[in-house]
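Dear colleague,

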Amino acid sequence: MNSDSELSSSVIRGVGSYLPEKNVDNIELSKRVDTSDEWITSRTGIKARRIAEKEQATSDLALEAASAALVDAGMSPRDIDLVVVATITPDMAFPSTACLLQDKLGIPKVCCFDIEAACSGFLYALDVADGMLSSNRYKCALVVGAEKLSSIMDWQDRTTCVLFGDGAGAAVLTNKGDGLKILGFKSGADGSNPKLLHQPSGGSLDPASQESLAGRGHFLKMNGREIFKSAVRVMERAAREILSEHGYKESDIDHVIPHQANARIVESLSQRLGIPLGKFYCNLDKYGNTSAASIPIALDEARRISVVQKGQLGLMVAFGAGLTWSAVLVRF
Ligand code: ACO
């Protein structure tokens, strides 16, 4: 089976992204943290990241990206009847960032909620929105990946704080019309080892207290080596599964838009899948890992600079804390 028309579900009508203005490159970071441009570049490929202003919350980043996506789609906030925001850095535990975004953007009183699947969040949110649109009870979804990761970074932990950045990306989805066609999803999770990548404190297990603050438990903690190995393994498997389910070969893929975590992870994935590195779109050198925002930011950039052409076959693939993963096949 490889006829797109048999498989097609929803259509991405417009895409937008937003990166905060403040650019912090490795040289500047190495004045604040015991690290070096050489270490960060050689281990990760990251050269710089954007950091949001203190008064900017995740919903503010989402607002900019969503507004740009609506302009790209030629639609207005009044057209939206579903809002899904993927984030691990919501403005607050509740209400959801999606509800805050609804109000800021002037979207009607429609269904709004957040999804938390870390760096796979945007693809998970697309998967859920696609399913809701296919029920025909919703017609036009705004799907956003937005993160202010600087708010959960431990700037005393050089093993994590050099990797992440802030930003947002958004897509407007309908179940018909012209645009980037979604062909299928392969999403999964393995919750058996949550401590590989987590934020231990501030939830019901370890609510905020003097002790949790002293233990720096409100910051992101990661076992980088194990995450690295798992990331390559789960993304390879998800990519192979979705291609074979839809009757395509690795060589049919024109472009891969991977989660932008680490250049070495992307290189390993390229080798294991046998898809040339030149087909992978990467901008992690400029923005670092923006978690749920990384794929929509890269997708928006790749479209704007005409890296991807109408009619080409694309694969978006991500992994994140959970562990979660997702692969999405698209026709540009
Ligand atoms: N600057 C200088 N030295 C450092 C830094 C730094 N920023 N960070 C660690 N080091 C040192 C360590 O202390 C260690 O020193 P030692 O040998 O004296 O003990 C040495 O460098 C090697 O450390 P490792 O952790 O073994 O380095 P590694 O080569 O594994 O690279 C890295 C670390 C970059 C984190 C890598 O493991 C990685 O990219 N993992 C995947 C991370 C990832 O993708 N996370 C995102 C998940 S997505 C989500 O859901 C949020």
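In this predicted model, a polar side-chain atom of arginine 225 lies 2.8 Å from an oxygen atom of the ligand, a polar contact being a pair of N or O atoms within 3.5 Å. The protein buries 77% of the 1,000 Å² that the ligand exposes when taken alone (Shrake-Rupley method, 1.4 Å probe).

The shell around the ligand holds 27 residues, of which Thr35, Arg43, Cys119, Arg225 and Asn262 come nearest (a residue is near if one of its heavy atoms lies within 4 Å). By class, 14 are nonpolar, 8 polar and 5 charged; Ala, Val, Leu, Ile, Met, Phe, Trp, Tyr, Cys and Pro count as nonpolar, Asp, Glu, Lys and Arg as charged, and the others, Gly among them, as polar.

Domain 1 (4-179) and domain 2 (183-331) both contribute to this shell, so the ligand lies between them; the bounds come from an automatic or database domain assignment.

Residues are numbered from 1 along each chain as its sequence is written, and side-chain values use heavy atoms, with hydrogens and water left out. Local features need pLDDT of at least 70 and side-chain atom pairs count only at pLDDT 80 or more, whereas totals for chains, interfaces and linings use all residues.

Yours sincerely

Terms used:
Polar contact = N/O pair within 3.5 Å; in protein donor to acceptor, adjacent residues only side chain to side chain.
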